[in-house]
Amino acid sequence: MAKTRWGLLGAGIILDRWMKGFQQVEDAEVAAIASRTPETARRMADRYGIKDALTYDEILKRDDIDVMYIPVPHMVHKELAIRAMEAGYHVLVEKPAAVCAADWEEMVACAKEHNVFLMEAVWTRCFPVIQQVLDEIKAGTIGEVRAVQASFAFRVGDDYEGRLTDPAQAGGALLDVGVYGLHFAGFIYGKMPEKVVSLASINTDHLHLQVDEQNVIAGIYDNGALFTVASAVRTDMPDTAWIYGTEGSIRVPAFWKPQTAEIIKNGEVRKLSAPVPQPLPGEKDEGYQYEIRHVQECLSRGLKESPLVTYEMTANVLKMCDEARAQWGLVYPFER
């Protein structure tokens with residue numbers, strides 16, 4: 001079987017996690033890596049045995065790459081994705097796929113114009129446990145879903161200096177971890193809510209951060225079903241999701257990279273489980289191989305859009321992010 005040839009268009013820190021999964025995908029290889037700074041590209045290339053460390057301009061001229069993975073700060077996603085697609089490459093772009101819904105519309109239009117595959121890297125949707133949960137809901141195990149709750153939050157220290165608290169890099173909780181909860185609600189309901197309301201803490205603690213330190217978003221659907229999603233970078237919360245139905249509930253621990261779930265019904269608990277294989281001695285693998293294999297399956301089938309993470313799903317999440325930020329009055333410096 002021919003290997004899918006990947007290019008790494010960026011050398012962000014997520015690569016140290018993503019590559020652990022990549023190394024378990026037998027029919028894949030990395031042809032080259034590029035970064036804004038040659039030193040960063042070379043360091044990552046040496047770490048993972050990648051032959052060529054290049055500039056962005058150089059890698060976009062290669063004819064031995066099928067698909068580009070883009071792991072860079074949020075505000076650069078659109079630019080690099082469009083450059084890659086205009087050069088004829090398929091694209092997997094890290095989440096959030098873009099800073100706003102309008103940017104995503106441009107990216108989708110570019111993908112269609114150049115007849116290439118484009119997907120937001122919502123790795124959560126590719127975990128086997130998520131599919132098991134959706135199958136149980138479809139089968140009516142917990143009846144009609146009436147509410148979804150999810151939180152994904154942590155606390156960075158007072159001495160933290162990085163993109164999470166930097167408005168110039170689209171920092172804050174919403175785009176970094178809040179999108180996970182919004183996507184999770186989208187998995188369950190499969191549609192856009194009729195109304196979204198949101199609150200955020202901005203410039204409320206002694207650090208005077210000009211990004212959302214913490215936030216909560218609630219949405220209501222046409223049948224009265226609800227979701228509530230909380231995220232934070234300055235408040236620690238359990239990364240657990242709950243799905244409440246008319247006949248039972250489902251608890252999903254670590255819902256953004258789940259290996260288990262619990263169905264709670266009639267006073268009994270039934271466990272769903274799909275542990276991530278751990279074949280690499282001394283390394284803890286989180287499961288990025290599910291996403292990578294899904295992209296390769298899509299390419300092998302000639303698909304230009306993922307059936308698991310559709311263009312519409314990504315658009316819906318970004319529309320909700322736009323609405324939340326509008327309600328907060330949060331505008332990033334590069335948007336002014």
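## A first salt bridge

A salt bridge here is a side-chain nitrogen of Lys or Arg within 4 Å of a carboxyl oxygen of Asp or Glu. R47 sits in helix α2 and D16 in helix α1, so this pair links distant parts of the chain, 31 residues apart. Helices (H or I, at least four residues) and strands (E, at least two) are DSSP runs, numbered from the N terminus. Both partners are partly exposed: R47 has a relative accessible area of 45%, and D16 comes in at 25%. As for the words, buried means under 20% relative accessible area, exposed over 50%, and partly exposed in between, with a 1.4 Å probe and protein chains only.

Before going on, note that this is a predicted model: local features need pLDDT of at least 70, side-chain atom pairs count only at pLDDT 80 or more, and totals for chains, interfaces and linings use all residues. Residues are numbered from 1 along each chain as its sequence is written, and side-chain values use heavy atoms, with hydrogens and water left out.

K78 lies in helix α4 and D103 in helix α5, so the pair ties together parts that are 25 residues apart in sequence. K78 is partly exposed at 24% relative accessibility, whereas D103 is buried at 17%.

R270 and E136 form another salt bridge, with 3.1 Å between the closest N and O atoms. This one ties together parts 134 residues apart in sequence, because R270 lies in strand β15 (residues 268-273) and E136 in helix α6 (residues 128-138). Here R270 is partly exposed, with a relative accessible area of 40%, while E136 counts as buried at 16%. There is also a network of salt bridges, which links R155, D158, D205 and R234.

## The largest pocket

Now for the empty space. Rolling a probe the size of a water molecule over the atoms shows where empty space is left. A pocket, worked out on a 1 Å grid over the protein atoms alone with a 1.4 Å probe, is an open set of points with protein on both sides within 12 Å along at least five of seven lines; lining residues have an atom within 4 Å of a point. The largest pocket has a volume of about 970 Å³, where volume is the space filled by probe spheres set on the points, and grid points are joined across faces, edges and corners.

The lining of this pocket is made of 35 residues, and G12, I13, V72, P73 and R163 lie nearest its centre. The elements that give two or more residues to that lining are α1 (15-22), α2 (38-48), α4 (77-86), β7 (145-155) and α7 (173-189). Helix α2 gives the largest share, four residues. By class, the lining has 17 nonpolar, eight polar and 10 charged residues. In this scheme Ala, Val, Leu, Ile, Met, Phe, Trp, Tyr, Cys and Pro are nonpolar, Asp, Glu, Lys and Arg are charged, and the others, Gly among them, are polar.

## Helix α9

Next, have a look at helix α9, which covers residues 311-328. With its 18 residues, α9 reaches 26 Å from first C-alpha to last, close to the 26 Å expected at 1.5 Å a residue; the expected span is 1.5 Å times one less than the number of residues. The buried residues of α9 include Y311, L318, M320 and W328. Among the elements covering the buried residues are α5 (101-114), β6 (118-121) and β8 (195-202).

Leaving aside neighbours within four places in sequence, R325 is in contact (heavy atoms within 4.5 Å) with V99, C100, L174, L330, V331, Y332 and E335. Just after α9, G329 takes a positive phi of about 80 degrees.

## Backbone details in the loops

A few loop residues deserve a glance. The peptide bond from K95 to P96 is cis, with omega near -10 degrees, and P96 is found in the loop between β5 (90-94) and α5.

N115, in the loop between α5 and β6, has a positive phi of about 55 degrees although it is not a glycine. N266 is another non-glycine residue with a positive phi, near 55 degrees. N266 lies in the loop between β14 (260-265) and β15, and N266 is exposed, with a relative accessible area of 71%.
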